[in-house]
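Thanks for coming. I have one structure to go through today, and I will keep it short. Please have a look at the display first.

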Amino acid sequence: MEKKRKEMEKAKSGLRLTMEEICLCSSGDEKEEQVQVKAQEQPRSSTMDLLSVSKQLLHVLDEIGPTLLVLRQDIQQNIQRLQDLHETDSSKYVSLTAIVTEEVEQGTTKKTKSCTRAIIWLSRSISFSKCLLERLLKAPDLSLSEIVEEAYAKTLKPWHGWISSAAYKVAVKLVPEREVLIALLMGNCQDFEDLTEDAKMLTYAVQPMLEEIDAISAKHNLDKLKSS
C-alpha cells in the first residue's frame, strides 16, 4: 500500500502538487468553485505560500531541462533569500506584507539583495508561468516558443534590462516542443482534461497571493523595479 501511494505521488502533475503544497485543495476531487471560496477566505497570503509555489515551479523547470536556466537561477536565488529570512523568525515574517513593510522602514527595499526584490521577482516569475500555462492550453495552434515569447513580453520583459533580455532571447530558441511540455505537466496519471482543470484551479489558488504582492508593491512605489 505504501509503495503504491508513493508511486501515485510521483505520478501526480506539478500543478496538482503545487495546489496541495499551498493547502488550497484538501483533495484531488474538489471543484473549481470550492477553490474560489477557499481563496476568498484567505485574503492575506503567507510567505510559505510563495515559497511553496516557487519551489514547485523549479521542479517543472528541472523537468524541462536547461532551456530556461536563466529563469531557474533567478528563482532559486530569490527563494533562498526569502527562505533564509523566514527561518530567522517564522512568526514575524509569516506574511509578505510584513517583510516588505519592514524593509520599507529600514530603507533597504531597492538594494540588490533585498527580500522585497525577491518577492517581486518571484511574483513576476509565477505570473510568467501562469500566462504561459494559460496560453499553452488555450492556443493549440501556437508553438511553445511563440507562447514563451508572448508570456515573456507580457510579464517579464517590461522589467528586464538589456542583459536579461538578451539571455531570454537565447533561451527561447532552445525551448522543447509544446507536446513535450504538456506531457511533463500532465504526469503519468492524467489526461489533457485533468490538466486543464488543474490549471484553472491553480489560477484561482495563486491569484490572492499575486494580488497582495501587487498591492504592497504599488503602495510603496516598488512595482516598477527593474533588473539589469
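This is a predicted model: local features need pLDDT of at least 70, side-chain atom pairs count only at pLDDT 80 or more; totals for chains, interfaces and linings use all residues.

**A buried serine and a helix pair**

S165 sits in helix 9, which covers residues 162-172. What does S165 touch, once residues up to four places away in sequence are left out? The answer is Y152 and H160.

Now the whole protein. There are 11 helices and 0 strands, so the pattern along the sequence reads α-α-α-α-α-α-α-α-α-α-α. Of the 228 residues, 46% are buried. The accessible surface is about 12300 Å², and carbon and sulfur atoms account for 53% of that. As for contacts between residues at least 6 apart in sequence, 73% of them join residues at least 24 apart.

Helix 7 runs over residues 115-138 and helix 10 over residues 178-186; their axes come within 11 Å and cross at roughly 110°. Angles of 65 to 115 degrees count as roughly perpendicular, and helix 7 and helix 10 are therefore roughly perpendicular to each other. Which residues make the contact? From helix 7 there are L132, L133 and L136, and from helix 10 there are R178, L181, I182 and L185. Sorted by class, the contact of helix 7 with helix 10 has 6 nonpolar residues, 1 charged residue and no polar ones.

That is the end of my part.

Terms used. Residues are numbered from 1 along each chain as its sequence is written. Side-chain values use heavy atoms; hydrogens and water are left out. Axes are lines fitted to C-alpha atoms, for helices over the stretch in contact, and angles run from 0 to 180 degrees between N-to-C directions. Helices (H or I, at least four residues) and strands (E, at least two) are DSSP runs, numbered from the N terminus. Angles under 35 degrees count as roughly parallel, over 145 as roughly antiparallel, 65 to 115 as roughly perpendicular and the rest as oblique. Contact means heavy atoms within 4.5 Å. Ala, Val, Leu, Ile, Met, Phe, Trp, Tyr, Cys and Pro count as nonpolar, Asp, Glu, Lys and Arg as charged, and the others, Gly among them, as polar. Buried means under 20% relative accessible area, exposed over 50%, partly exposed in between (1.4 Å probe, protein chains only). Accessible areas come from the Shrake-Rupley method with a 1.4 Å probe; for residues, only the protein chains shown count as cover.
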